[in-house]
Amino acid sequence: MATKPGIPTDWPWTPLGNFKYIVIAPWAVHSTYRFVTDDPVDLGYSLVLPFLLFRILHNQVWISLSRYYTTKGKRRILDKGIDFNQVDRETNWDDQILFNGLLFYIGIMLLPQAKQLPLWRTDGVLMAAMLHAGPVEFLYYWLHKALHHHFLYSRYHSHHHSSIVTEPITSVIHPFAEHIAYFILFAIPLLTTLLTRTASIASFAGYVIYIDFMNNMGHCNFELVPKRLFHLFPPLKFLCYTPSFHSLHHTQFRTNYSLFMPLYDYIYGTMDETSDTLYEKSLERGEDRVDVVHLTHLTTPESIYHLRIGLASFASYPFSYRWFMRLLWPFTSLSMLFTLFYASLFVSERNSFEKLNLQSWIIPRYNLQYLLKWRKDAINNMIEKAILEANKKGVKVLSLGLMNQGEELNRNGEVYIHKHPEMKVRVVDGSRLTAAVVINSLPKSTTKIVMTGNLTKVAYTIASALCQRGVEVLTLLPEEYEKLRSLVPQECRDRLVLLTSETLASNKVWLMGEGTTREEQEMATKGTLFIPFSQFPLKQLRRDCIYHTPPALIIPKSLVNIHSCENWLPRKAMSATRVAGILHALEGWEMHECGTSNILLSDLDQVWEACLTHGFQPLLLPHHFQYP
């Protein structure tokens with residue numbers, strides 16, 4: 001929001017929240033009805049709704065492309081990251097599309113010249129282009145300069161400039177009053193062609209698409225205009241701006257005011273002197289040097305929308321199934337088919353922390369595919385390829401996230417170490433930190449806990465550490481009890497207990513892994529705290545119990561470019577396995593941290609101390625939980 005919000009700032013439908021689309025619904029229904037019943041059909045009126053949907057898709061493609069390319073670093077203009085505040089501020093980017101749609105519908109209904117437009121008229125297209133290059137660009141330049149006057153800037157335009165590092169949708173983030181001014185300006189070519197009866201569907205749609213395209217390009221934060229275009233046609237530098245040209249306006253504020261044509265900045269002396277230098281520098285920039293990679297994968301088919309390169313506002317909240325995903329099932333199905341044939345991993349996120357460059361790499365496979373035995377070799381090959389690629393790029397540490405580690409799949413990463421003993425990249429499964437996070441998530445007065453679910457390396461480590469610290473570990477099944485007993489040091493095996501109905505009621509803390517059944521949850525008494533020790537959240541079947549998040553930590557403020565949630569974790573939280581890789585690089589630990597070997601209690605203390613030293617903090621217990 002602007003520093004001193006003027007009137008009107010908010011959109012008229014802001015109070016409707018996500019129901020704002022109902023403002024366009026009557027017009028959409030009416031245009032559809034007219035399309036079915038009218039003869040001849042007014043094609044312009046009928047195409048407004050499909051055109052609005054196309055504009056939304058066009059903008060979304062730009063968002064995804066921008067986030068993908070800026071993540072890798074090649075041709076990126078600004079390195080500074082964005083945050084959740086910017087994402088929240090820019091969630092209403094589709095409001096201007098609704099606004100335009102309403103005005104198009106109303107205009108067609110009220111203006112006789114807007115009815116029954118032809119598909120194409122060359123004279124109208126040329127007139128629209130000339131009017132844009134002349135009056136529109138000229139008037140916009142001076143309007144933009146006026147908006148930078150302190151009176152208007154503080155009340156309106158400062159909202160747009162709150163985003164120093166721009167994304168494509170930053171281009172349309174303005175107060176409502178600014179959008180009114182812009183629409184009046186851009187209506188000059190449209191209304192002129194209507195009044196001269198030279199308008200066509202192509203001139204209207206083409207002009208709006210041109211504005212969308214240029215707006216998105218100018219704010220995408222990576223340079224994509226090839227140098228050879230300016231060599232082939234040198235005057236183009238006065239007629240078409242570049243992303244780096246407009247990026248300077250967001251960093252310098254008092255230069256490069258032009259809309260899409262830098263001509264007026266040259267004429268009036270507001271051209272930034274570093275424009276050409278930044279353009280050249282951005283074009284020549286290569287991919288980032290990477291220190292730490294977190295290797296993860298897709299979870300459910302719908303998780304593609306929760307990727308950072310997916311739906312920006314959706315990815316900024318913990319993943320949960322939403323109603324609109326039912327409408328997107330054709331895209332979801334196509335994406336699943338695509339992953340069957342496309343086996344290349346891709347970069348989904350970049351961060352920086354204490355001089356380390358961090359990236360998250362995604363293997364395009366889902367949880368279900370990891371559970372299929374006949375897919376085991378193919379998935380292992382993909383993980384191995386990712387590790388070798390990281391080693392080739394000079395990555396220091398690679399952490400294995402979610403199901404990329406496992407005793408049955410690859411012995412918690414040990415397979416790759418034995419197969420490639422010469423590689424320099426250190427492979428980390430995060431078991432030490434995961435166990436330490438779970439142990440330090442327990443209420444301080446805990447004297448006994450119940451452990452159930454699939455027992456993993458993390459579970460054995462937790463049980464052993466708790467027994468050595470004097471905490472009783474109770475199990476539900478005899479086979480679980482025997483497994484833990486064989487791994488816990490002999491001097492503290494007496495603290496392993498098989499749970500009975502008599503001791504059930506007094507246990508209010510349960511540590512649960514994958515495979516925990518509904519029946520096991522039902523056994524717990526009211527008010528029990530369930531803490532998962534796997535990377536996946538528990539199914540919340542009990543409203544009278546409390547569910548902790550999977551092992552995760554709150555990140556320090558100095559960790560840059562965090563603006564999406566990691567799967568189901570809350571904002572500004574990071575999974576223990578991902579943090580483990582960062583700590584491994586920060587501390588300069590030279591060993592691999594994976595495999596099936598036992599973890600010592602001193603190892604847990606070491607990694608937990610390092611975690612706190614670097615500013616990572618444990619997620620707090622729910623505020624309403626009180627240990628009895």
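Predicted model: local features only at pLDDT ≥ 70, side-chain atom pairs only at ≥ 80, totals over all residues.

Me: Which residues touch the most other members of the largest nonpolar core?

Reply: Trp 93, Phe 186 and Met 217 do, in a core of 54 residues. Several elements give two or more residues to this core: α3 (48–72), α5 (95–110), α6 (122–147), α8 (176–195), α9 (201–218) and α14 (275–284). Apart from it there's another core, of 31 residues, including Phe 536 and Trp 568. Residues are numbered from 1 along each chain as its sequence is written, and side-chain values use heavy atoms, with hydrogens and water left out.

Me: What makes something a nonpolar core?

Reply: It has to be a set of buried Ala, Val, Leu, Ile, Met, Phe, Trp, Tyr and Cys residues, joined through side-chain atoms within 4.5 Å. "Buried" has a cut-off too: under 20% relative accessible area, with exposed over 50% and partly exposed in between (1.4 Å probe, protein chains only). Buried residues make up 54% of the 628 residues here. As a general rule, nonpolar side chains in soluble globular proteins tend to be buried together.

Me: Which residues does Met 217 touch?

Reply: Leaving out residues up to four places away in sequence, Met 217 touches Trp 62, Leu 224, Val 225, Cys 240, Tyr 241 and Pro 243. A contact means heavy atoms within 4.5 Å.

Me: What makes a stretch count as a helix or a strand?

Reply: Both are DSSP runs, numbered from the N terminus: helices are H or I with at least four residues, strands are E with at least two. On that basis the protein has 27 helices and 14 strands.

Me: How do you know that β9 and β10 are paired?

Reply: Two strands pair if DSSP finds at least two bridges between them. Strand β9 (residues 509–512) and β10 have four bridges, in the parallel sense, so they qualify under that definition.

Me: Which way do the side chains of β10 point?

Reply: In β10 (residues 529–532), Leu 529 and Ile 531 point one way, Phe 530 and Pro 532 the other, and all are buried.

Me: Why is β2 called largely enclosed?

Reply: Because seven of its eight residues are buried. β2 (residues 346–353) runs antiparallel to strand β3 (residues 356–363), joined by seven bridges. Ser 352 has Asn 357 in β3 as its bridge partner. Two residues sit between the strands of this hairpin, in which Glu 354 takes a positive phi near 50 degrees.

Me: What makes a salt bridge a salt bridge?

Reply: A side-chain nitrogen of Lys or Arg must lie within 4 Å of a carboxyl oxygen of Asp or Glu. Arg 578 and Glu 349 are at 3.5 Å, N to O, so this pair passes that cut-off. The pair links distant parts of the chain, 229 residues apart: Arg 578 is in helix α26 (residues 576–587) and Glu 349 in β2. Both residues are buried. The structure holds 26 salt bridges.

Me: How do you know whether Arg 411 is buried or partly exposed?

Reply: Its relative accessible area is 41%, so Arg 411 counts as partly exposed. Its salt-bridge partner, at 3.2 Å, is Glu 414, and Glu 414 has 17%, so that one is buried. In another salt bridge, Arg 289 meets Asp 291 at 2.4 Å, and Asp 291 is called buried because its value is 2%.
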